[in-house]
Amino acid sequence: MSITLQDAVALIALEADLLDHGAFRDWLTLYTPDGRYVVPIDPDVEDFESVLNYAYDDAAMREKRVERLLGGRSISAAPPARTVRLLSRYRMLETTDATCTLRCAQHLMELRQGRQRDYAANVTYRLKNTDGGLKINLKVIRLLTATEALTAVSYIL
């Protein structure tokens, strides 16, 4: 039986909730061991290994990112930002028993040091059925402003 839109959206909503509430260790468990978290600069690129990205994280880099956020060793994360993500416009691009590819819109609001910033993005997920349940194998955040000057982003998009 193919992965359903309902199951995929449930995982994506869980990820957003964990990130907005600072449950970064729990967030790490949502990914497959070979999963990637990608924030490309070029909105049209597909070969992320061959180009410069804002983020191109494997499991080790995701762990380091979480350590910096939780350990207070990142100056851009002090004080920590408060965030709220709104996800919408879910579209299943393909689905099988083993994997699915889903795209949605994300509007992220950040409050830090009395200043609110907004980030809009198209986000593509590749999800994979594992022995531990449905997991994220690839997350690509295509920021609307990716080609513009970005301020320091001190959290996980």
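Is Leu5 buried, partly exposed or exposed? At 37% relative accessibility, Leu5 counts as partly exposed; buried means under 20% relative accessible area, exposed over 50%, and partly exposed in between (1.4 Å probe, protein chains only).

## Before we go on

This is a predicted model, in which local features need pLDDT of at least 70 and side-chain atom pairs count only at pLDDT 80 or more, while totals for chains, interfaces and linings use all residues. Residues are numbered from 1 along each chain as its sequence is written, and side-chain values use heavy atoms, with hydrogens and water left out.

## Leu5 and helix 1

Leu5 lies in helix 1 (residues 5-20). Helices (H or I, at least four residues) and strands (E, at least two) are DSSP runs, numbered from the N terminus. Leaving aside residues up to four places away in sequence, Leu5 touches Tyr90, Met92 and Leu102, where contact means heavy atoms within 4.5 Å. Leu5 and Ile136 are 131 residues apart along the chain, and their C-alpha atoms are separated by 14 Å.

Helix 1 has 16 residues and reaches 22 Å from its first C-alpha to its last, close to the 22 Å expected at 1.5 Å a residue; the expected span is 1.5 Å times one less than the number of residues. Its buried residues include Leu11, Ile12 and Leu18. The buried residues of helix 1 pack against helix 2, strand 1, strand 3 (82-95), strand 4 (99-112), strand 5 and strand 6. Just after helix 1 comes Gly22, with a positive phi of about 70 degrees.

## An aromatic cluster

How many aromatic pairs does a search of the whole structure find? It turns up two. Rings of Phe, Tyr and Trp (its six-membered ring) pair if their centres lie within 6.5 Å; planes under 30 degrees apart count as stacked, over 60 as edge-to-face and the rest as tilted. The rings of Trp27 and Tyr31 have centres 5.2 Å apart and planes at 70 degrees, so this pair is edge-to-face. Both of these residues, Trp27 and Tyr31, are buried.

For Trp27 and Tyr37, the centres are 5.9 Å apart and the planes sit at 90 degrees, so that pair is edge-to-face. Trp27 lies in helix 2 (residues 24-28) and Tyr37 in strand 1 (residues 31-40), so the pair ties together parts that are ten residues apart in sequence. Tyr37 is buried, and so is Trp27. Together, Trp27, Tyr31 and Tyr37 form one aromatic cluster.

## Strand 6 and its partners

Ten of the eleven residues of strand 6 (residues 133-143) are buried, so strand 6 is largely enclosed by the rest of the structure. Strands 1 and 6 run parallel and are joined by four bridges; two strands pair if DSSP finds at least two bridges between them.

Strand 5 and strand 6 form a hairpin, with two residues between them.

## Helix 3

The 13 residues of helix 3 (residues 59-71) should span 18 Å at 1.5 Å a residue, and the end C-alpha atoms are 18 Å apart, which agrees. Buried in helix 3 are Arg62, Arg65, Val66 and Leu69. These buried residues pack against helix 2, strand 1 and strand 2 (53-57).
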